[in-house]
Each structure stands twice: as structure tokens, then as C-alpha cells.
Amino acid sequence: MNRQAKDISEMKCCFFDQNTTKQFIEFLMSKAKVIAPHRKGEKSFSFQETHNPEEVVLNYNRTIQPIKKFFMPPRETLLEFELNGKPKVKKPEIKIEERIFLGIHSYDMKAIRLLDFSFDRDKPEANYFLRRQKSVFIGIAYEPDEYHFAQDLGIDVYDTTGFSLFMVPAEKGFLIFEVDETGHRYLQEFGKGLPLDAELQYERPEPTKKLKMHYNRLPQIFSHVYDSPVWKKVAERCLGCGTCNLVCSTCYCFDVFDEVNLNIKEGTRERTWDSCMLNPFAQVAGGENFRPTLDSRTRHRLYRKFKYLTDYSGELHCIGCGRCSYFCPAKISLVEIINELIEDYNRQQQHAAVTVS
Ligand code: SF4
Ligand code: SF4
């Protein structure tokens, strides 16, 4: 499912004009539930179930929530229990449905692959994988804006890994690339694409160069900046609101609590998304808090992305979607924090070199 795909220049391709694209979305809707970007506000977008192809917006910059919300909902009931007589516990059934995720950017697909890793470690997270298993993904190329830095983290705009089809906007329509067998089958059944056999000319966006160091070196930088003054500097502006976690494509921490009805006879066990930027997150019995300050929480958030999980998986767990910076009410930029940490690291290295000589 997530094997490394070949470059799109080696793939079969056809052309859809705008009208054929709408017909294709209708065709997809006849096969499964289609989830695609829709306009939410004047300048905001959200992944939603498609009921009308006219409402799908394929030229969007980013959605508010990433697609993880379909595999790990913001709130879900894990158990229903009855305390009347002999206690009974029931697990709500999870509907396994076929879903086609349309218009996904390569970094959001990478986030799903990272979540697959995180949820498969130790004891696999059954609910996530049940919802995830019958998903087909159709990617689309995008124009990076000032907040995207996925390319700086090695995620190409045209990375087709995990997709079945890949769309590239072209004049008056889209180039549609066949990435895998499922994509091939969809195009065969639909049968309306204009085949393109000539060598394709398409423009690749200029690589972004927002980070001051190659992404491969970031875990090494994070080995040296645990006591950096940068954390306190960021904390002076941070409101501790937790938005950055809640819009993040790769954050997965949750809280679990029981709700007992007023009759004290039945209740449910609920799971909700949680945020390590909120003060009570690291609070334990007795009132102790492992991370009572904003600088310690900010540091923890970034170490989860660039060090702790990377040491396990060998991959960075940030995909450069820019959501945390774009939606931060204090306008705190993740790229700026990383660059300041890089500068701090460079200063430390120069200081060490001067001391030795
Ligand atoms: S969204 Fe911004 S202000 Fe809110 S916790 Fe995150 S960094 Fe702080
Ligand atoms: S840390 Fe920010 S840029 Fe990185 S994946 Fe999360 S929201 Fe996106």
C-alpha cells in the first residue's frame, strides 16, 4: 500500500478537462464515499464528504484539519458500560467503509504513513487501522505558499508514494497519472481520459529553502539545544492555547475519561484529542506537573517532531504542512524556531572550536 512509487515522468498519463474532472468525481462517488477539500470560510478549507462535485476545491493551500480526523476522530466512544446488576461492557462497532480521499497533498499523505508507523508500534491501535484499511488516496500537486516547508524536509510536491492516482493542474484541466493498479482500474472503468503519449512538459515548483540546514541534520541539532535560550524566547509569545497540536498532521496524543450518567447505572469511556501545549497535559496524581512551563512544553512539542520519534523511526515526524504556524494566534513560526535553534547550535560549535584552539 505504501511502497515507494516511481517518478511521475515514468507513469502512464491522461488529460481531464474541467468537465471530465467533475464527471470523474461523480464516477468516484458511485464507487465509494469521496472525501475532498471543500471551502469552509472565505480563505479556509476543510476535508469533507463530497455530495456535489461542484463544491470540491482542488486548488487549495491547506485544510484546517488534516485527514487524520477520518481515522482518529476528535472524539470517539471506546466503550459503553452498564453498572446495573452484573457490570456489562460493550465496544461500539466501527463501520468499515470504502473511502476515496481526493486531492491530497504529498505532505498529508506522508503524515498518514507516519501515523501508520506510530500506531503500529508495540500494540497496534485497532480503531485507527479499522477506519484506515479501505482507503484509496488520490494526490494532487500544489503551489507551496509562505508557510509550507515540506520540500525543505525532503517531501517533494510530486511525491506519489501511497497514492493510486496523482493529479497535476494543467491548462484548462488536469494531467492524471496512474500510480498503482487501483488507479489504473479506475481510469479503465471511467474510460473518458484523453490519453497523452507525447513527452510531458510540466513545471516543478522551485524548491523552497526556508531551513538554514539540511533536514538530515535536524536530529543532530536537537541533541545540542535542549538548554537553548530559544525555548524561553518562544514561550514569551506563546499563549499555551494548544492550537498547534490540534491542527497538526502527525500529533496523535489523546485523553481517555469515563462519563457516567446521572442515574449512575450506565456510561461511556470517551477518547478525545489532547495537546501537549496545554498545562494539565503532563499533570499527574498529587498535582505534580512534569512540564509546568510554556518553554518546557514548547521544547517537548518540537522534540517529539524532530528527535524522540525520529530516534525510533529514522524519520522526522513533522511534514512541513505549516498548519501550526498558519493557525497560531501568536503568529509563532515553526521555521523561525528551527532556524534560531540552528543558529544557536552553530554558535555552540564556534565557541567549542575557539576553546579548543
Ligand atoms: S498555537 Fe501558537 S500560541 Fe497556541 S500553543 Fe501553539 S505556539 Fe503557543
Ligand atoms: S509541527 Fe507544524 S508543520 Fe510540522 S506537521 Fe505539525 S502542523 Fe505541520
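This is a predicted model: local features need pLDDT of at least 70, side-chain atom pairs count only at pLDDT 80 or more; totals for chains, interfaces and linings use all residues.
Local features need pLDDT of at least 70 and side-chain atom pairs count only at pLDDT 80 or more, while totals for chains, interfaces and linings use all residues. Residues are numbered from 1 along each chain as its sequence is written, with chains lettered from A and ligands numbered from 1 in the order in which they are written.

S6 pairs in the parallel sense with S2 (residues 33-39) over three bridges, pairing being called when DSSP finds at least two bridges. Five bridges also join S6 to the parallel S7 (residues 135-140). Phe-101 of S6 stands opposite Ile-35 and opposite Phe-137 in S7.

Around ligand 2 sit 13 residues, the closest being Cys-248, Cys-318, Cys-321, Arg-323 and Cys-324; the criterion is a C-beta atom, placed from the backbone, within 6 Å.

As for domains, an automatic or database assignment gives domain 1 (8-71 + 78-195) and domain 2 (215-351). Their C-alpha centres lie 26 Å apart. In contact are 28 residues of domain 1 and 28 residues of domain 2 (C-beta atoms, placed from the backbone, within 7 Å). On the side of domain 1 that touches domain 2, strand S4 (75-82) and helix H2 (106-120) each supply at least two residues, and H2 gives the most, with eight.

Terms used. Helices (H or I, at least four residues) and strands (E, at least two) are DSSP runs, numbered from the N terminus. Two residues are in contact if their C-beta atoms, placed from the backbone, lie within 7 Å.
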